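Please read them with the structure open.

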Amino acid sequence: MKLCKGAVLALAVSYGLIYCHTNKSKFMLEQKGDSLTLIHITNPTNYILLPIEEAAEESRVRLDIGDAADTDMDIRLAQTKVDYWVPFVLPADAKTVTVRVQKSLGDALCWKEMKLSDTFDPSHTDKFRPVYHHAPLYGWMNNANGLVYEDEEYHLYYQYNPYGSKWGNMHWGHSISKDLMHWEHLAPAIVRDTLGHIFAGSSIVDQENVAGYGTGTILAFYTSASDKNGQIQCLAYSNDNGRTFTKYDKNPILRSSDRRKDFRDPKVFWYAPGNKWIMIVAADKEMRFYDSEDLKDWNYMSSFGEGYGVQPCQFECPDMVELPVDGDTEHKKWALIVNVNPGCYFGGSATQYFIGDFDGTRFICDSKPDVTKWLDWGKDHYATVSFSNMGRRVIVVPWMSNWQYCNNVPTKPFRGVNALPRELGLYTQSGDIYLSAAPVAEVKNLRKETKEIPAFTVANDYHIESLLPDNEGAYELSLDITAEKAEIIGFSLFNDKGEKVDIYFNLPERKLVMDRTKSGIVDFGKNSVTHEIEVHDRRKTTSINYIDDFALATWAPVRKENKYRLDIFVDKCSVEIFLNEGKIAMSNLVFPTEPYNRMCFYSKGGTFKVDTFKVHRLSL
Ligand code: FRU
């Protein structure tokens with residue numbers, strides 16, 4: 001942690017008052033009663049750095065400027081130990097400010113450890129911090145939302161808690177990029193307010209100035225969530241290219257007509273054939289469709305989902321996109337993306353989708369209700385939504401975690417990583433239509449060095465002692481495999497400590513498997529709830545028990561083919577597999593205590609051939 005130059009900290013305790021000052025700035029603590037403390041700051045610096053203890057209860061911290069908009073933030077202020085500090089922004093132009101803290105008692109450690117500072121350095125020391133995947137600088141992130149492309153910038157907004165690395169205080173965090181790979185981190189764009197948390201939603205570019213805030217304005221639609229007001233849909237607009245937003249003064253723009261507790265994550269898009277805007281809202285176990293001409297008055301049209309796909313589970317984060325089937329622009333279909341929690345084949349949260357038609361009023365699904373199609377077959381792929389204003393490309397960003405254990409994964413002071421952005425397509429297989437999700441082509445620009453391993457046949461074991469010299473744990477493996485007579489086509493990625501990820505095709509069972517049982521740190525996900533649920537896959541209906549641990553294998557159904565193409569992306573804390581250009585995707589977190597730099601190929605039942613094998617070092 002860096003403090004401002006020349007900062008001198010002094011601490012004095014007298015009759016319940018504690019003083020702390022830098023050269024000109026100082027703060028004084030006024031303890032009022034048992035659990036209310038006022039921090040009076042004179043000549044405020046940019047921040048007060050608050051010490052956090054992840055295991056502590058939340059205190060309520062509020063910048064008190066006497067305005068009705070002053071909002072309490074729930075912050076785990078250190079009581080007995082400091083895990084890290086987070087910056088709490090102070091107003092630039094005030095001579096004095098007061099920060100009000102409720103619930104932290106007088107003898108808590110936080111009072112000694114808080115400091116004034118003009119700078120905050122989130123020091124990226126965490127060994128699991130990804131090299132080329134998007135992650136917040138510090139704090140907690142769950143899913144991406146409000147994704148929009150405008151003026152050659154991708155805006156990635158995301159569910160963000162800047163005050164610690166556990167879920168809470170939902171803001172829309174904000175990063176921008178020109179190439180979907182290099183992300184610049186900006187201040188949160190929409191901040192939790194007195195109406196509630198800023199839950200997920202979507203953004204559009206208002207090209208025709210329909211909402212009246214200017215042509216080309218970015219409009220954000222989000223759910224405001226609180227115990228008091230429930231979940232209500234709100235609008236905000238940005239006149240500075242998505243950097244800051246002003247909330248519409250007549251919010252909310254939509255409430256649940258039947259007082260649903262779960263009514264959230266509005267997805268708004270333009271429906272040209274009907275000359276109108278559509279909003280889809282996740283309402284408990286269904287998606288509700290609304291339309292509007294002015295983006296402010298919304299009219300209910302229909303619902304979809306009750307009884308469809310995996311049952312029973314909470315629908316969240318809808319998206320719907322129209323795509324050509326097998327590249328044929330004369331034959332298009334709609335894909336309705338339905339994120340479900342719980343419902344994942346392997347426990348927790350996952351992304352399913354339905355293919356069908358949209359007539360401007362309702363979504364008509366091609367398949368029977370009991371058919372479930374998964375966008376990804378790993379356990380860490382959730383709340384996938386697409387960028388708006390993109391033209392023909394449909395690019396989505398999945399959050400790479402699972403609600404079962406996301407609050408406990410062993411990273412600090414950031415927690416939450418997005419998977420590689422993926423480009424969606426529709427393909428036909430055995431008479432049915434599926435979504436493919438391939439890593440965006442932009443990722444190829446990150447290849448810094450390529451090692452090519454000559455073709456080889458795997459009869460028993462075939463070892464590769466070193467994938468890359470000085471391997472930092474950020475690379476891509478691309479392989480073309482001929483199955484020949486093999487029944488098991490497999491390889492382990494491992495390190496000198498014997499931690500490994502096992503990836504194999506089990507062809508008699510028609511499965512592609514990723515096993516992370518021994519991948520490194522795996523024991524933080526225990527003790528979560530056990531549910532039993534009926535799960536439908538592409539071919540059959542099976543009943544399984546949730547496997548609530550992190551230490552497990554995930555698998556995808558595959559066809560028996562002679563040739564397979566695999567692209568595998570490894571980045572510090574994740575492994576993502578793409579089979580045959582994204583026809584199957586599988587994303588899983590892993591926490592090896594050192595990078596996997598060795599490989600061992602193995603076969604059973606016959607030999608297989610690795611026709612091409614390239615290892616690409618990836619960096620920004
Ligand atoms: C999805 C979700 C959304 C909600 C948000 C809250 O992961 O549960 O439904 O808007 O996260 O952070």
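1. Two strands stand out on the domain 2 side: strand 31 (422-429) and strand 32 (432-439) each supply at least two residues of the side that touches domain 3. Strand 32 gives the most, with six residues. By residue class, this side of domain 2 divides into 24 nonpolar, 16 polar and five charged. Keep in mind that the model is predicted.

2. Salt bridges also cross this boundary. The count between domain 2 and domain 3 is two. A salt bridge also joins the side chains of E576 and R422, with N to O at 2.7 Å. R422 falls within the range of strand 31 (422-429).

3. Now the domain layout. The assignment gives domain 1 as 26-117, domain 2 as 139-439 and domain 3 as 446-618. The centres of domain 2 and domain 3, taken over C-alpha atoms, are 29 Å apart. Their contact takes 45 residues from domain 2 and 41 residues from domain 3.

4. How much area is buried between domain 2 and domain 3? The figure is about 3,600 Å², and carbon and sulfur atoms give 62% of that area. Y345, F346 and W377 lose the most area to domain 3. Together they account for 22% of what the domain 2 side buries.

5. Next, the overall fold and dimensions. The secondary structure consists of one helix and 47 strands. Along the principal axes, the C-alpha trace spans about 80 × 60 × 45 Å. The radius of gyration is 25 Å; a compact globule of 620 residues would have a value near 25 Å, so the two agree.

6. Salt bridges in the protein as a whole come to 38. One of them pairs D72 with R60, the closest N and O atoms being 3.3 Å apart. D72 lies in the loop between strand 6 (59-64) and strand 7 (73-75), while R60 is in strand 6, so the pair ties together parts that are 12 residues apart in sequence.

7. Some backbone geometry is worth checking by eye. Most residues other than glycine have a negative phi, and most peptide bonds are trans. The peptide bond from N251 to P252 is cis, with omega near 5°. P252 sits in the loop between strand 18 (246-247) and strand 19 (263-271). Another cis peptide bond joins Q311 and P312, with omega about -20°. P312 is in the loop between strand 22 (299-304) and strand 23 (314-325).

8. The asparagine is N209. N209 lies in the loop between strand 15 (197-206) and strand 16 (217-226).

Key: Residues numbered from 1 in each chain as written. Predicted model: local features only at pLDDT ≥ 70, side-chain atom pairs only at ≥ 80, totals over all residues. Heavy atoms only, no water. Domains from an automatic or database assignment. Contact = heavy atoms within 4.5 Å. Buried area = accessible area lost by both parts, 1.4 Å probe. Salt bridge = Lys/Arg side-chain N within 4 Å of Asp/Glu carboxyl O. Helix = DSSP H or I, 4+ residues; strand = E, 2+ residues; numbered from the N terminus. Nonpolar A, V, L, I, M, F, W, Y, C, P; charged D, E, K, R; others polar. Rg over C-alpha atoms; globule rule 2.2 N^0.38 Å.
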